[in-house]
Amino acid sequence: MTHIDLTTRPFDDHFVRHLPADPSTRPGVRQVHEAIYSLVQPTPVAAPRLLGWSDSLAAELGIARPAPDSPALLALAGNTVLPGMRPYAACYGGHQFGHWAGQLGDGRAINLGEWLTTDGKRYELQLKGAGPTPYSRRADGRAVLRSSLREFLCSEAMHHLGIPTSRALSLVASGDTVIRDMFYDGHPEAEPGAIVCRVAPSFVRFGHFEIHASRADTALVKHLADYVITTQFPELGTEFGTLGPAVYAHWFTRICQRTARLVAHWMRVGFVHGVLNTDNMSILGLTIDYGPYGWLDGYEPGWTPNTTDAEGRRYCFANQPQIAHWNLARLAQAIAPLVDDAAALDAGLAAYSETFNATHSEHLAAKLGLARLARPGHPDDSALISELFALLQRQETDYTVFFRRLADVDLSATEPARSAPLMAAYYAPINAETQHALDGWLTRYHARVLSDPSDPTTRRARMNRANPAFILRNYLAVGAIEAASRGDTGELEKLLHALQNPYTETDTYKLQCRPEWARHKAGCSALSCSS
Ligand code: AMP
Ligand code: MG
């Protein structure tokens, strides 16, 4: 496919044309009523420079890498607006940490317009950190390089892991500084700023519906629901304007199922989003809003990467499935006037649980190399699974290394050869009790594997497709951030390359536990929301 310059083909403004705008375009923060978005221009930055470019996404979009100082690059910095673009910030609300927070909105994200690919797909391009909007509240509308680089890389990492996500096309250094109190300890500092161009079919969130529902504006909830269904859920087979309660109920069920599959994937790879507020939940079931996210190093169900969440651990690894369910219940409340049938919405929520359980169990089976898990009954795999996760918690055990190395275990060997590949997963030398528990579990696992129809090669291949060899651990991103802040993008490019083949072991980033030096270093494990 030929790649064309971003400036060659005009953008479309379908979203803007079909949904009601805030009548005001004056600058300044405000409550916006009876509108889905506000038209707003990005604020130019001092000296845009391209730091990161996703060739893989660019190929899907058919977009050529922009040259330095080109109009295309300026557009990706918000310094120029291209033909067809009518930039806007969306109005949404949200439940933050379990509490209704009122109007939030795109406080620093500005949607540029829609790019149509030659194969007929439509994508929104959105700049994060492009300057103030009516929704900026008390903040500056900007983003720092460290959080932008993390979002850029993790969006692409998630995609290549096979997990639904918004994508990232470019990372542009702004040449401006941004003041942030990174540790929330009263010591704000100037940091380099940056802008990420995020890409998704739609950036509509649960909070888009909640805000209008909270204002009892059912007409606007319906207008947006009709738009989203027609443009994003064409499989529901409806025409704009002919939607009724049954279609809205079906749509809700689809959202529940997509969200369930998404969260099951996060659990498979050990991803912790960190801020699962309803304003960070995509209506398409995509991973969106990469902030203080993290990946499990040692398996710890209560681990949260977000220091703001350290107290309550609401958004810790193990809570994610139930939090997503809670968030879906908030969406159900918001669209309830359209469905007018509590039982139908409850059925959607039940579909969430069913889909999550089924997908999670498929993933666990794949992680263990089994064709499928035995359903509860006789025999039943639930004991094997719960013993495994208890084992992983006995001593600090790396989630990624353990599962990946499990495929290398020769189950018919005798100890210590049998468990030798797994020793790399332990953060400290394995103690006698853990070794005993591991031996017992491996023996039961071996018996179970023998009763599975798959041959060893199939089993191993299945495991290596489910258990990544490469994840974007926080400490790896920190190395790339430090180098990029000095103008060196080598590490960033190396990571961008490695994350495109996460299920293949390479020598570039060896499969290993997080190094000890990174255990307490800022940003290498936990992070604040400051971004
Ligand atoms: P987040 O926790 O990143 O999902 O952000 C929650 C809300 O705060 C969203 O409405 C964001 O747009 C807004 N926000 C976060 N950081 C900034 C910023 N630097 N400037 C303006 N708005 C922001
Ligand atoms: Mg957000």
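How much space lies in the largest pocket? About 1000 Å³. The views below show a predicted model, in which local features need pLDDT of at least 70, side-chain atom pairs count only at pLDDT 80 or more, and totals for chains, interfaces and linings use all residues. Residues are numbered from 1 along each chain as its sequence is written, chains are lettered from A and ligands numbered from 1 in the order in which they are written, and side-chain values use heavy atoms, with hydrogens and water left out.

**View 1. The largest pocket and its lining.** On a 1 Å grid over the protein atoms alone, a pocket is an open set of points with protein on both sides within 12 Å along at least five of seven lines, while a cavity is a set where a 1.4 Å probe fits but cannot get out; lining residues have an atom within 4 Å of a point. Grid points are joined across faces, edges and corners, and a volume is the space filled by probe spheres set on the points. The largest pocket has 36 lining residues, and Gln96, Arg108, Arg137, Cys529 and Ser531 lie nearest its centre. By class, its lining holds 11 nonpolar, 12 polar and 13 charged residues (Ala, Val, Leu, Ile, Met, Phe, Trp, Tyr, Cys and Pro count as nonpolar, Asp, Glu, Lys and Arg as charged, and the others, Gly among them, as polar). Domain 1 (14-206) and domain 2 (216-367) each give at least three residues to this lining; domain bounds come from an automatic or database domain assignment.

**View 2. Ligand 1 in the largest pocket.** Ligand 1 sits there, in that more than half of its atoms lie within 2 Å of the pocket's grid points. It is surrounded by 17 residues, the closest being Gly105, Gly107, Arg137, Gly141 and Asn280 (near: a heavy atom within 4 Å). This shell has 3 nonpolar, 6 polar and 8 charged residues.

**View 3. Polar contacts of ligand 1.** A polar contact here is a pair of N or O atoms within 3.5 Å. An oxygen atom of ligand 1 lies 2.6 Å from a polar backbone atom of Gly105, and a nitrogen atom of the ligand lies 3.2 Å from one of Arg142. At Asn280, an N or O atom in the side chain is 3.0 Å from an oxygen atom of ligand 1.

**View 4. The largest cavity.** Its volume is about 60 Å³. The residues lining the largest cavity include Phe15, Tyr88, Asp106, Glu124 and His208. The count of cavities of 30 Å³ or more comes to 6.

Note on methods: A polar contact is a pair of N or O atoms within 3.5 Å; within protein, one must be able to donate a hydrogen and the other to accept it, and residues adjacent in sequence count only if both atoms are side-chain atoms.
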